Amino acid sequence: MTPDSRDSGADDRFSELDLALVDALQAAPRAPWSRIGRALGVDATTAARRWERLRTNGLAWVTAYDAAKSATVAYVEVRCRPRALESVGSALADMPWVFSVDEVAGDFDVLATVAAADLPSLGRSVHGLIGGLDGVRSTRTRLGITLYSEGGDWRMRAMEPAGHAELATPRTSRPTVYSARRHHRSAPEDQALLAALGVDGRLGYTDLGAAAGMSEHTARRRLQRMIRDGEITFRCDLAHPLAGLSTVVLYRTAVPHTHLEATGNALARMEEVRLAVSVSGSDNLLVMVWLRGLHAIDPFEAQLAERFPNLRVNDRTVFLHTRKRMGRLLDTTGRVTGHVPFGLPRV
């Protein structure tokens, strides 16, 4: 059987090879196609062609963004007035500093993940720009404190072990503390590189330099320095509902402070966990998971109870539709329909 004969043939489905390809790019988002191909047991041309199909059809994408340590981040729970969900969700998705928007079933209607330069501007932005939207009834803000795991750390786990060995790269397991203020503004050249890579994280250095207005040599040198200094995060993402991960659940949990770091780090290693972050408030740990259906919720919670006796689940919120994820606008199937470049709020 040739690699291409494993195709489903449909533009809106993932084959096993597609999922392995996503897994490979999650492990090494900017690796050359020759290396990706070796990890998958296919030639470089096949790997590149398969990726182009996924990217063109909005099924998978590679993006880049500022490292967590450079941002003030919060999770804003938004309650809407009746029949205002569509207009509020659309308005939030258009805001460059609101990098993720999720419509949910719970005691609020929308979860907006936002970034700002510092705490005062965060407060002004949430209360003025979000709270001032027509149709918003109320907001509640949970300030991100320590990030144990985020979407860029999550893996599809579809490659064979030999493929993982081929792409093995050092991964930090240390949590990252969010910033309470922006310590310095990146140089314009670095901002230009980040903007270009936010659109396509796999841009080659020639195209990257052209997009950022600099030479290939300068683009290579500056990006390698940003990677070395931990100033940029790359991430390969996918339309998760079409990959069989139809259920997203956010847990608001409480953990005694003496157990918080150990619990956060252990949660970060769980296959289902996309996000583990300590936050302000009595529910001091948010945990987001991707599951294969509503039927998987109870077994996952039983696993939590068994593994983490000090963790108390106080609320579960099921996502109805992710409207925006890290700047990508998504349809109800999780496919990309557009992109909103990131920008800090001006308030």
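## Helix H1

The buried residues of helix H1 are Leu-17, Asp-18, Leu-19, Ala-20, Leu-21, Val-22, Asp-23, Ala-24, Leu-25, Gln-26 and Ala-27. Helix H1 is thus mostly covered, with 11 of its 12 residues buried. The structure described here is a predicted model.

Helix H1 covers residues 16–27 and, at 1.5 Å a residue, should span 16 Å. The C-alpha atoms at its ends lie 17 Å apart, which agrees with that expectation.

## Salt bridges

Side chains of opposite charge can pair when their charged atoms come close. In this model the count comes to 22 salt bridges. One of them joins Arg-38 and Glu-166, at 3.3 Å from N to O. Because Arg-38 belongs to helix H2 and Glu-166 to helix H6, the pair ties together parts that are 128 residues apart in sequence. Arg-38 is exposed, at 53% relative accessibility, whereas Glu-166 is partly exposed, at 29%.

Another salt bridge links Arg-222 and Asp-190, at 2.9 Å from N to O. Arg-222 lies in helix H9 and Asp-190 in helix H7, 32 residues apart. Arg-222 is buried, with a relative accessible area of 17%, and Asp-190 is buried too, at 6%.

## Charge at the surface

Arg-79, Arg-81, Arg-137 and Arg-140 form a positive surface patch.

Notes: Residues are numbered from 1 along each chain as its sequence is written. This is a predicted model: local features need pLDDT of at least 70, side-chain atom pairs count only at pLDDT 80 or more; totals for chains, interfaces and linings use all residues. Side-chain values use heavy atoms; hydrogens and water are left out. Patches are made of residues with over 30% relative accessible area and no salt bridge: like charges are joined within 9 Å, nonpolar side chains (Val, Leu, Ile, Met, Phe, Trp, Tyr) within 5 Å. Accessible areas come from the Shrake-Rupley method with a 1.4 Å probe; for residues, only the protein chains shown count as cover. A salt bridge is a side-chain nitrogen of Lys or Arg within 4 Å of a carboxyl oxygen of Asp or Glu. Lys and Arg count as positive and Asp and Glu as negative; His and the chain ends are not counted. The place of a charge is taken as NZ of Lys, CZ of Arg, CG of Asp or CD of Glu. Helices (H or I, at least four residues) and strands (E, at least two) are DSSP runs, numbered from the N terminus. The expected span of a helix is 1.5 Å times one less than its number of residues. Buried means under 20% relative accessible area, exposed over 50%, partly exposed in between (1.4 Å probe, protein chains only).
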